Amino acid sequence: MSDARAAFLAGEHLITSDVRTIQSPYDQRPVAKICFGDAQDLDRAIGLAAQKASELAAWPAHERAAVLDRAREILATKIDEISQAIVAEAGKPIDIARSEVLRCLDTFTDAALAARTLTGE
């Protein structure tokens, strides 16, 4: 297990002193150490998300769809890696973990299709 993973907030890696160990529910072995933010970090994240939501809502449908398509492409290259993370962190069998990742791919596909509609809903 490597050093603590930083949180990601507003395009920046957030290193905090609140480092927690994530354990496998299956055998309690440590699988990751991650930085947790505090209430101020949460308020900042919510404020920035609200600000960005109105900006992103103004994007043309084809641009929103392109971002979703790209996210799906990136995710598709990491199916095994993400599946293994689900196994380690949630204690799920690999077949179920993999089906969750594949379902996520479907969700991005559906979201991109919806973004291409006139209303985007």
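1. Leaving aside its neighbours within four places in sequence, with which residues is Ala 7 in contact? In this predicted model, Ala 7 belongs to strand β1, which covers residues 7-9, and, once those sequence neighbours within four places are set aside, Ala 7 is in contact with Glu 12, His 13, Leu 14 and Cys 35. Between the C-alpha atoms of Ala 7 and Ala 111, which lie 104 residues apart along the chain, the separation is 26 Å.

2. Ala 10, which sits in the loop between β1 and β2 (12-14), has a positive phi of about 55° although it is not a glycine; its relative accessible area is 46%, so Ala 10 is classed as partly exposed. Gln 28, located in the loop between β3 (19-23) and β4 (30-35), likewise is not a glycine and yet has a positive phi, of about 65°. With a relative accessibility of 44%, Gln 28 also counts as partly exposed, the range for that class lying between under 20% for buried and over 50% for exposed.

3. The largest nonpolar core is made up of 6 residues, namely Leu 75, Ile 79, Ile 86, Ala 97, Val 101 and Leu 105. At least two residues of this core come from each of α3 (79-90) and α4 (94-115), and the helix that gives the most is α4, with 3 residues.

4. Within that core, Ala 97 may be examined on its own: apart from its neighbours within four places in sequence, Ala 97 is in contact with Ser 83, Ile 86 and Val 87.

Terms used
Residues are numbered from 1 along each chain as its sequence is written. This is a predicted model: local features need pLDDT of at least 70, side-chain atom pairs count only at pLDDT 80 or more; totals for chains, interfaces and linings use all residues. Side-chain values use heavy atoms; hydrogens and water are left out. A nonpolar core is a set of buried Ala, Val, Leu, Ile, Met, Phe, Trp, Tyr and Cys residues joined through side-chain atoms within 4.5 Å. Buried means under 20% relative accessible area, exposed over 50%, partly exposed in between (1.4 Å probe, protein chains only). Helices (H or I, at least four residues) and strands (E, at least two) are DSSP runs, numbered from the N terminus. Contact means heavy atoms within 4.5 Å.
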